[in-house]
Amino acid sequence: MARLVRGLLRTVSALLNQLYSSCLLIPIEVADDERIVRAVFSPMNIKNNQIKRNFYEPPIPTDELSVMRLEYLGAKASKARAKKIQNPGKGRTYYGFAAFRVGKVCVDDISVEDSRSQFCGHADIHFKIAALKQRREKNEALPALEGKRLKDLQDHLISCSKYYPDPNPARTNWTGGPLSPP
Amino acid sequence: MPPCDPQRVSAQSASDPALDDIDALKDNWDGYGALAPTRESCSYARSFLANATDGIPIPEVNPTSNGTINLEWKSDTGTAFFEIGKSRYSGHIEPSRGSTIFFEGQLSEAQWSLASQQVLAIVKQLLYGATGSRTPAYSIRFTEPTL
């Protein structure tokens, strides 16, 4: 009997691992009540313990910001992902997270979409500004009108996000309390 | 992309702490693939800040993920935002009363001094209440908002 139970548990465990590794347990649609987080790596993105606008600037040639789906990854796994990216020798140090609720982020010109091809639990905040992909040139200023549109959307993200500095960045676990953005 | 060149820019203006830090940024400084600021953007930003000493607070200076530099002023009467790229600049001034003013243009040694003086004059006038006798000649290109 015990052998049968052990075998059953192993099968169930293997099945769950397989489901997780193929990301089948996470819905593709990002729900409004989900929380998403974006890791902070540069002091250039923080001022007086607040996120600065340049933290919400998509890298060229994209219109998207990388985030992690907190409800599915959890704070510990999100932190582990962030710490993989950091490289203090090159000026990238993990500082903490900006957290959002998807429903607050999404306005007419912003959407949040799953992007599991990066890794399971990854998503992107998309700015619906065509110029970001079509007219932005490397190392050049955006045209004035599009620059203002981007600035307004970045200000919106600042207003609906909350910065959670990590009190113990060296630790594996997240010890900064609940990540509960407005 | 090479970072800002302190030797080149130091000849144009005194050292600015924020720009010194920006000088030191390398590619991917934000962990998300940001470009290091170009030497041209840094050089133009330094010369702009060198001009911005007369009656205008020093703006907040920030690098962007695209290797450009943003300058920003906030006052009780509005905000001004200025992005300096490798060969182009753009921005807008948003007074709390009245329409937003958009501007953009090419960066060149010949045009830059005039353009920066004009932007500073408008910022000073709209955000810091200057009522100078000299009306700025707005030869920089202003864009009508079409939003």
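## Contact between chains A and B

In this predicted model, the contact between the two chains draws 29 residues from chain A and 38 residues from chain B. On the side of chain A that touches chain B, helix α5 of chain A, spanning residues 144-160, supplies the largest share, with five residues. By residue class, the side of chain A that touches chain B consists of 12 nonpolar, eight polar and nine charged residues.

## A hairpin in chain B

Strand β1 of chain B (residues 60-63) and strand β2 of chain B (residues 69-75) run antiparallel and are joined by four bridges. One residue of this pairing can be named on each side: Pro63(B) has Ile69(B), in β2(B), as its bridge partner.

Five residues lie between the strands of the hairpin formed by β1(B) and β2(B). In this hairpin, Gly67(B) adopts a positive phi near 80°.

Phe97(A) belongs to strand β5 of chain A, which covers residues 96-101. Is Phe97(A) buried or exposed? Phe97(A) is buried, because 30 other C-beta atoms lie within 10 Å, and a residue counts as buried when that number is 20 or more.

Beyond its neighbours within four places in sequence, Phe97(A) is in contact with Val37(A), Arg38(A), Ala39(A), Val40(A), Ser78(A), Tyr164(A) and Leu179(A). For Val37(A), one of these residues, the separation along the chain from Phe97(A) is 60 residues, while the C-alpha atoms of Val37(A) and Phe97(A) are 6.0 Å apart.

Definitions and conventions: Residues numbered from 1 in each chain as written. Chains lettered and ligands numbered in written order. Predicted model: local features only at pLDDT ≥ 70, side-chain atom pairs only at ≥ 80, totals over all residues. Contact = placed C-beta atoms within 7 Å. Helix = DSSP H or I, 4+ residues; strand = E, 2+ residues; numbered from the N terminus. Nonpolar A, V, L, I, M, F, W, Y, C, P; charged D, E, K, R; others polar. Pairing = 2+ DSSP bridges. Buried ≥ 20, exposed ≤ 12 C-beta atoms within 10 Å, placed from the backbone.
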